[in-house]
Amino acid sequence: MNRLLRAAAAPRRAFRTGGHTVATVAVLYLLALPIAVWIRQDGLQTGATDFGSELELALWLLAALVAAVAAAAVQRVSLDGIAAGGAIRYANITSGHRTRTFDPSEVQSMSLHRAKDGRLRLTSTLELRLAPAAHRRWTTATLFDGDMSGDGRAEPLASIIRQVVEAKPDVALDTNLRALLAARRFGATFGGGAKE
């Protein structure tokens, strides 16, 4: 019975991003931990406290840091197939990790804020401005790139850009997206795909 239901269900692509960022921060912190404890013990306050309490405090700080980074970095995105209506679902820090759903045809404009442009961001972000609708109170969807310091070619942004442009070819695009789509149109690869 379950196989029949799965076979009849519309295809959906799902993405989870941000896990590598959380792991990177945890590893860097763990590498710096012995140095920080040694400096505190020997360099600044000799004999003030014991090593066990210093280590316990450092581990609690690690847990708080990893939790904060996880809340900011983890994102879930799923894209329904065009045959199923093409809905885009996402949950990240900008939505309070609550799932938000919208149709690609509701998007009025898209802008890509690249990490490479020198601002203080680890990943590129795709900002989608949606037409006002009675069934939702929000009109902006902000999604993050799957690659640190990426330029929007990685998943899930590549699939979202493609799905919105296919559903609404006249959507307003900023200069970064126009350049990205022009490169694809003239033979460069986009999202790791083959040349068209």
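Predicted model: local features only at pLDDT ≥ 70, side-chain atom pairs only at ≥ 80, totals over all residues.

Visitor: What makes arginine 136 and glutamate 106 a salt bridge?
Guide: The closest N and O atoms of arginine 136 and glutamate 106 are 2.8 Å apart. Residues are numbered from 1 along each chain as its sequence is written, and side-chain values use heavy atoms, with hydrogens and water left out.

Visitor: Which parts of the chain does that pair tie together?
Guide: Arginine 136 sits in the loop between β6 and β7 and glutamate 106 in the loop between β4 and β5 (107–113), so parts 30 residues apart in sequence are tied together. The helices (H or I, at least four residues) and strands (E, at least two) are DSSP runs, numbered from the N terminus.

Visitor: Why is arginine 136 called buried?
Guide: Its relative accessibility is 9%. Buried means under 20% relative accessible area, exposed over 50% and partly exposed in between (1.4 Å probe, protein chains only), so arginine 136 counts as buried. Glutamate 106, at 17%, is buried too.

Visitor: How many salt bridges does a search of the whole structure find?
Guide: Three. Another one joins the side chains of arginine 89 and aspartate 80, at 2.8 Å from N to O. Aspartate 80 is buried at 10%, while arginine 89 is partly exposed at 24%. Glutamate 127 and arginine 129 also form one, again with the closest N and O atoms 2.8 Å apart.

Visitor: And glutamate 127, buried or exposed?
Guide: Buried, because its relative accessible area is 19%. Arginine 129 has 39%, so the label there is partly exposed.

Visitor: On to the rings. Why is the pair of tyrosine 90 and phenylalanine 102 called edge-to-face?
Guide: By the ring rule there are three aromatic pairs. In this one the centres are 6.3 Å apart and the planes stand at 75°. Rings of Phe, Tyr and Trp (its six-membered ring) pair if their centres lie within 6.5 Å; planes under 30 degrees apart count as stacked, over 60 as edge-to-face and the rest as tilted. So the pair is edge-to-face. Tyrosine 90 lies in strand β3 (residues 88–91) and phenylalanine 102 in strand β4 (residues 100–102), 12 residues apart in sequence.

Visitor: What about tyrosine 90 and tryptophan 138: what makes that pair edge-to-face?
Guide: Centres 6.4 Å apart and planes at 90°, so edge-to-face. This pair links distant parts of the chain, with tryptophan 138 in the loop between β6 (123–130) and β7 (140–148), 48 residues from tyrosine 90. Both residues are buried. Ring pairs link Tyr90, Phe102 and Trp138 into a cluster.

Visitor: Why is leucine 31 called exposed?
Guide: Because its relative accessible area is 57%. Leucine 31 belongs to helix α2 (residues 19–44).

Visitor: How many helices and strands are in the protein chain?
Guide: Five helices and eight strands. Of its 196 residues, 36% are buried.

Definitions and conventions
Salt bridge = Lys/Arg side-chain N within 4 Å of Asp/Glu carboxyl O.
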